Amino acid sequence: MNTPTARRHRIAVIAFDGITPFHLSVPGMVFRDAQIFDLRICAADPSPLRTTAGFDITVRHTLRALTDADIVIVPTWHDDCRPAPAKLLEALRRSHKRGARLVGLCLGAFTLAEAGLLDQRRATTHWAYADTLAERYPAIAVDSEVLYVDDEILTSAGVAAGLDCCLHLLRQLCGADAANHVARQLVVAPHRQGGQAQFIERPVPASGSDDRFTQVLDWVNRHLAEHHSIDTLATRAAMSRRNFTRHFRDATGTSFKQWLLNQRVTHAQRLLETSELSMEMVAQEAGFGSALSLRQHFRAHLRTSPSDYRRQFRAGG
């Protein structure tokens with residue numbers, strides 16, 4: 001796996017007594033490359049820690065692991081959203097103050113919110129707890145409909161969205177190819193946009209129109225440099241515009257415009273990572289038309305410029 005930085009990223013993942021093992025395993029599955037990541041599971045509670053699966057786990061690190069962590073992940077929290085220990089909240093505040101990246105997966109958003117770190121930010125959590133988060137912490141702009149939110153601090157919905165969120169972070173740290181490689185190993189979608197809906201309705205059983213629809217999306221991915229409209233794609237899929245639009249929303253949880261933009265940004269990332277093409281050529285190959293348009297969309301999506309992205313990625317190659 002290629003990586004844009006030579007030093008290993010230090011990641012601290014917070015465990016606690018009564019944690020769900022599946023939630024705890026999500027960061028480990030994504031950031032498991034020991035050549036790139038120094039992943040430490042830590043806890044405020046003494047080991048062994050009980051889990052909801054009926055077995056105990058031993059954690060090697062205390063909250064001291066947060067003192068030099070580049071990234072701190074709270075993978076979930078108790079289902080009753082109880083208050084967190086004061087020493088954990090203080091450790092999170094100190095980590096944020098010194099510039100560590102904070103991530104709250106699923107109910108982990110409650111712990112970050114209690115620490116006051118989500119005030120005046122957008123955030124999300126599991127849909128069933130979103131109203132509770134909004135009522136308890138009115139200074140947070142809670143969005144209950146999205147998979148994850150990247151507002152400097154990352155928050156996500158449930159377990160599957162936690163994987164999406166971690167893959168999004170991996171993509172930022174190590175590039176599109178690295179994230180796609182891990183996604184293939186996990187047999188999950190390489191990149192689901194954070195603004196995608198938590199609920200995605202999938203027609204069952206699949207019909208012939210579903211096959212045509214999938215083929216159209218594959219075709220678009222192979223022809224990102226071309227102009228695409230809903231009308232032309234609906235015709236290619238042998239659907240009406242209305243049916244195609246509804247089918248697309250049900251299948252992907254987002255609009256065609258947003259999906260296409262995401263595919264183009266991802267393709268531009270790959271080109272910047274793997275080729276020596278000029279910015280104008282990258283823009284044309286990815287379907288942005290001009291380097292100016294590429295820079296605008298790249299900054300909006302990734303908070304960096306294409307040139308800085310290529311430079312950062314190549315620095316550790």
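**Close-up 1. The loop around E152.** In this predicted model, E152 is partly exposed, with a relative accessible area of 40%, where buried means under 20% relative accessible area, exposed over 50% and partly exposed in between, for a 1.4 Å probe and protein chains only. E152 sits in the loop between β9 (148–151) and β10 (153–156), strands being DSSP runs of E of at least two residues and helices runs of H or I of at least four, numbered from the N terminus. The phi angle of E152 is near 70°, a positive value in a residue other than glycine. Residues are numbered from 1 along each chain as its sequence is written. Because the model is predicted, local features need pLDDT of at least 70 and side-chain atom pairs count only at pLDDT 80 or more, while totals for chains, interfaces and linings use all residues, and side-chain values use heavy atoms, with hydrogens and water left out.

**Close-up 2. The loop around A238.** A238 also has a positive phi, of about 60°, although it is not a glycine, and it lies in the loop between α8 (230–236) and α9 (241–252). At 56% relative accessibility, A238 counts as exposed.

Close-up 3. The peptide bond from S47 to P48 is cis, with omega near 0°. P48 belongs to the loop between β2 (37–43) and β3 (49–50).

**Close-up 4. E273 in helix α10.** E273, which has its place in helix α10 (residues 256–274), counts as buried at 6% relative accessibility. A polar atom of the E273 side chain lies 2.5 Å from the backbone nitrogen of A176. The C-alpha atoms of E273 and Q312 are separated by 9.8 Å, although these residues are 39 apart along the chain.

**Close-up 5. The largest nonpolar core.** Among the 69 residues of the largest nonpolar core, F31, L66 and L170 touch the most other members; such a core is a set of buried Ala, Val, Leu, Ile, Met, Phe, Trp, Tyr and Cys residues joined through side-chain atoms within 4.5 Å. Helix α5 (residues 159–174) gives the most to this core, with nine residues. A second, separate core of 16 residues includes A237, F244, F256 and W259.

**Close-up 6. The surroundings of L66.** Leaving aside neighbours within four places in sequence, L66 is in contact (heavy atoms within 4.5 Å) with residues including A12, I14, C42 and V72. The contacts of L66 also include A91, L92, S95 and R98.

Conventions:
A polar contact is a pair of N or O atoms within 3.5 Å; within protein, one must be able to donate a hydrogen and the other to accept it, and residues adjacent in sequence count only if both atoms are side-chain atoms.
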